[in-house]
Structures are given as C-alpha cells and as structure tokens.
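This report looks at charged side chains and how they pair. Please keep the sequence and the model at hand while reading.

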Amino acid sequence: MHLRIPRLAPALAATAALAALTGCGTSEAGTGSPSGGGQVTVRIPDPGNSGVLAVGKKDGSLAKALAKVHAKVEWTGSAGPFAPAAQAMNADQLDIATGSITSGITSLAQTPGFKFFTATAPDPVGEGILAKNGSGIDSLRDLAGKKVAVNKGGTGEYLLLKALAKEGIPAEKVERVYLRPDQTAAVFNTGKVDAWAVWATYSVAELGTGKAHFVADGKALGSDNYSLTAVRTAFAEQHPEIVKALYTYLHDGSAREKKDPEAYLNVTTDAGPQSLNGEAKRVQIDFTRQGGTVEPITDADIRRFKDVARFYAEQKVTPDEVDVAAHLIDIRTLS
C-alpha cells in the first residue's frame, strides 16, 4: 500500500535519520585510555525530555558516574529508531543506543558492528494493536481485510504478525502499510489506515486523547519484544569498565524510575510537543509502573530472543534465522 503522503526517498530518509543521530562531523570518541590517565568519550543519542538518561544529563549524575571510570559523555544527535543508530555504530559515529530486539534482529541480519549488553522485559501494556474508538475493530479477528500501519522489520511489524498468528489469520489477509513511526499518527488519525501496531513512545499520546484503544496489548499478544541497549563492538572490547558503569547507572536509574515515574517525565520542559500532560501523562506513569527494569541478559532471555529470530525467519521478515546469541555481552562477566 503506497499512501500519498509526503516522505523522503529511502536513501535520503536513511541519510537524514543517520544525521539526526550523529550530528555534524565525527568526534574523537574512544580516544584516551583510563589506564593511561586519559578520558574516553562515549557518544550517546540525546535522550530528550524523559527517562533515566534525560535526568542524568540534567542533574549531572551520569557525568559523575562516568568520571569514575575516566569517561565523559558526548550527546550526539537525538534518540530515535534503532536501524539508523545501528548504522551509526557500524560507521563509528555512535557508541551506545537503545532499541527493541525486533529491530535489533533486522539490523543484525546485516553486518553488525555492535552487541547488546542489557535487557528490559517486554512491555506488557504500552505496546499492541491500536484502533480508533468506534472503528468497528474490537478484536484481533476484526483486523482481517483491514490496513494496519507498521514500521518495517521492527516492533510494529512484529506485533501485527504476532496478532495474526495468534488468531490464525493468514498474513496476506491484512494489508501492512509501512510507515516511519513519526509520520504514522497523522495517517492513523485521518483514517487512512484502520489500525496501528505501536509501542509506548507513540501509543501514550493516542491513548491520552481518549479516542483510541488497544485491541490487544503486549501481554495479550504474548510479545517477546525486549528493549535492549547496544554498544559498538570495538568500544566494548576497548573499554569494558565503561560499559559496566553504564549498565549499573541504567539499572539503578530504571529501578528508581519504576518507583517514581513522574520524576522522569518532562525533565527539561513541561510545555511543547516533547512534554506529557493531562491524561497522556497519567497513562505513561501507569505504563512505567508496570514495566521492567534494565537487567543483565540471562539464558532465559536468550531463549526468547531466539524465538523472535525464528518467528521473523518463518514470517519472511528476515531471509534466515539470525543468531542473536553471537551478538550479546554478559555484563556480569565484565571486569
């Protein structure tokens, strides 16, 4: 399905997304040696207005944590989809990024220059199949014959395919409309698609309007869509102590965020499009309280990653089953 909406050509879109993550030019990241007394620069996408890293940027706590391992952060571009972040890591323009296991698998199917070192359990309530109230889509069976917006190869396509498999609906019975996540809300709200396979970054605003509902959320779909933190492979090999310090900071911060979600919202501003207020803010607080925390990657997690990789291969999202286990770091063994 090709909707008549403004969009960049694929090559330009990839370039623009990469530029947003990497900023202008290439920094001297990775230089310096903790053992030699130098300071290493860690390039991380700017976290925006919410979350653990946003708080860490504002209050200086991340800088203090990194200083203990002779490192400093360089905020590079802005956080966004994982695919361009993976490209940036492969090009030595970024050191750390966060993404889903689903988008991670499609990126690993290329020639990856990164590995994952943290896992956050699948979101049970913030992701799922979203439909407008009064649309007539009240169950997954109602998706047959409809148009559903998804991001290709990522969370959206995974959630839709899981929904169809759960109900035994052949994938070809539903039209997948491939859109960038940041352009989907307008298409969804004007009725050019019937539903949206989406996650909390975008579902919160829609649910906050009171005009949309989840037909099925992540828990109902049996989603294995973990959130992961990736590190550039060469960086991890050169600076394991920094990767471990980052893990500790993210783990401890995520535990505090789960207990007090409101403290991690509207970190720099409570106005404008980046802020959350009213019902949307309440929805996000509820989602965060029910969500997971940043943890080491365990054997049980790896088995679930393998299930996603197998599912993607079966659904022809990837040509073959990706060996996720070959691209993981056990943070517990780093010194």
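Which residues are linked in a network of salt bridges? The network joins Arg-43, Asp-92, Asp-95 and Arg-232. The model is a predicted one.

## Overall make-up

The chain contains 13 helices and 10 strands. Of its 335 residues, 50% are buried. Its accessible surface is about 15100 Å², and carbon and sulfur atoms hold 51% of that area.

Among contacts with a separation of 6 or more, 79% are between residues 24 or more positions apart.

## Salt bridges in the chain

Side chains of opposite charge can pair when their charged atoms come close. The chain has 13 salt bridges, counting a side-chain nitrogen of Lys or Arg within 4 Å of a carboxyl oxygen of Asp or Glu.

## Glu-157 and Arg-176

Glu-157 and Arg-176 form a salt bridge through their side chains, with an N to O distance of 2.8 Å. This pair connects distant parts of the chain: Glu-157 lies in helix 6 (residues 155-167) and Arg-176 in strand 7 (residues 175-178), 19 residues apart.

Glu-157 counts as buried because its relative accessibility is 2%, under the 20% limit. Arg-176 has a relative accessible area of 22% and is therefore partly exposed.

## Lys-281 and Glu-262

A salt bridge also brings together the side chains of Lys-281 and Glu-262, at 3.0 Å from N to O. Here too the pair links distant parts of the chain, 19 residues apart. Lys-281 belongs to helix 12 (residues 278-290), while Glu-262 sits in the loop between helix 11 (240-259) and helix 12.

Glu-262 has 43% relative accessibility, so this residue counts as partly exposed.

## Asp-307 and Arg-310

The closest N and O atoms of Asp-307 and Arg-310 are 2.9 Å apart, and the two residues form a salt bridge. Both are in helix 13 (residues 299-314); because they are three residues apart there, about one helical turn separates them.

Is Asp-307 buried, exposed or partly exposed? Asp-307 is partly exposed, with a relative accessible area of 35%. Arg-310 is partly exposed as well, at 32%.

How values were computed. Residues numbered from 1 in each chain as written. Predicted model: local features only at pLDDT ≥ 70, side-chain atom pairs only at ≥ 80, totals over all residues. Heavy atoms only, no water. Helix = DSSP H or I, 4+ residues; strand = E, 2+ residues; numbered from the N terminus. Buried < 20%, exposed > 50% of the residue type's maximum accessible area, 1.4 Å probe, protein only. Contact = heavy atoms within 4.5 Å. Areas by Shrake-Rupley, 256 points an atom, 1.4 Å probe, with all protein chains shown as cover.
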